[in-house]
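This report describes a single protein chain from its overall layout down to individual residues. The sequence and the model are shown here for reference.

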Amino acid sequence: MLSIEKILLRVLASLDRTPTAYILFQKQPSATVNIYSDASFMSKHSVRPQIGFVFLYGNSPIIWKSRQDKHRVTSIHVAEAYALNDASKYMDTIFNLFELF
């Protein structure tokens with residue numbers, strides 16, 4: 001699990017590399033955090049699945065990740081489970097971050 005400090009440092013480093021980008025965060029009582037994950041089984045070029053997820057606050061993405069998994073899988077269901085597991089590693093950190101605001 002990533003700590004809040006590590007996530008904030010990554011965000012600040014990203015903003016430092018792109019000085020024209022900015023983040024406007026406004027807490028909205030009616031907004032919710034939705035998490036979506038997806039995976040591809042395999043392609044003709046690789047037997048390892050592509051997995052990813054996105055966390056949305058309201059309609060705005062706040063964190064996302066996509067990568068080729070290191071495991072070989074035998075079904076799409078296993079690939080989807082890896083994608084969910086990847087997203088779950090960030091859940092506590094993101095929800096704790098919202099407690100700060």
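## Overall layout

The model is predicted, not experimental. The protein contains 2 helices and 3 strands, and from the N terminus on these elements follow the order α-β-β-β-α.

Of the 101 residues in the protein, 25% are buried. The accessible surface of the protein amounts to about 7,400 Å², and carbon and sulfur atoms account for 57% of that surface. Among contacts in the protein between residues at least 6 apart in sequence, 55% join residues at least 24 apart.

## The sheet

The 3 strands form an open sheet with the order E1-E2-E3 and antiparallel pairing. Strands E1 (33-39) and E3 (60-68) stand at the edges. Each of these two has a single partner strand, so one side of each is left without a neighbour in the sheet. From one strand to the next, the twist averages 10 degrees.

Strand E2 (residues 50-57) is joined to E3 by 8 bridges, and the two run antiparallel. Gln50 has Gln68 in E3 as its bridge partner, while Ile51 stands opposite Arg67 in E3. The hairpin of E2 and E3 has 2 residues between the strands. In this hairpin Gly58 takes a positive phi near 65 degrees. In a regular strand, side chains alternate between the two faces of the sheet.

## Nonpolar cores

The largest nonpolar core has 10 residues in all: Ile7, Ala31, Phe53, Phe55, Tyr57, Ile63, Ala87, Tyr90, Ile94 and Phe98. E2 and helix H2 (76-100) each supply at least two residues of this core. The largest share, 4 residues, comes from H2.

There is also a second, separate core of 5 residues. Among its members are Ala39, Val73, Ala79 and Ala83.

## Aromatic rings

How many aromatic pairs does the structure hold? There are 2 aromatic pairs. In one of them, the rings of Phe53 and Phe55 have their centres 5.6 Å apart and their planes at 80 degrees. An angle over 60 degrees counts as edge-to-face, so the Phe53 and Phe55 pair is edge-to-face. Both residues are buried: Phe53 has 5% relative accessibility, and Phe55 has a relative accessible area of 0%.

The rings of Phe53 and Tyr90 have their centres 5.2 Å apart and their planes at 45 degrees, so this pair is tilted. Phe53 lies in strand E2 and Tyr90 in helix H2, so the pair ties together parts that are 37 residues apart in sequence. Tyr90 is buried as well, with a relative accessible area of 10%. Phe53, Phe55 and Tyr90 form one aromatic cluster, and these three residues are also listed in the largest nonpolar core.

## Val73, in a loop

Where is Val73 placed? Val73 is in the loop between E3 and H2. Its relative accessibility is 7%; buried means under 20%, so Val73 counts as buried. Val73 is one of the residues of the second core.

Leaving aside neighbours within four places in sequence, Val73 is in contact with Phe41, Met42, Val47, Pro49, Val78, Ala79 and Tyr82. Val73 and Pro49 are 24 residues apart in sequence, and the distance between them in space is 7.2 Å, C-alpha to C-alpha.

## Ala87, in helix H2

Ala87 is placed in helix H2 and belongs to the largest nonpolar core. Is Ala87 buried or exposed? Ala87 is buried, with a relative accessible area of 3%.

Which residues does Ala87 contact, leaving aside neighbours within four places in sequence? Ala87 is in contact with Ile35, Phe53 and Phe55. The C-alpha atoms of Ala87 and Ser37 are separated by 7.0 Å, although the two residues are 50 apart along the chain.

How values were computed:
Residues numbered from 1 in each chain as written. Predicted model: local features only at pLDDT ≥ 70, side-chain atom pairs only at ≥ 80, totals over all residues. Heavy atoms only, no water. Pairing = 2+ DSSP bridges. Axes fitted to C-alpha atoms, helices over the stretch in contact; angles between N-to-C directions. Buried < 20%, exposed > 50% of the residue type's maximum accessible area, 1.4 Å probe, protein only. Contact = heavy atoms within 4.5 Å. Areas by Shrake-Rupley, 256 points an atom, 1.4 Å probe, with all protein chains shown as cover. Core = buried A, V, L, I, M, F, W, Y, C linked by side-chain atoms within 4.5 Å. Phe/Tyr/Trp six-rings, centres within 6.5 Å; stacked < 30°, edge-to-face > 60°.
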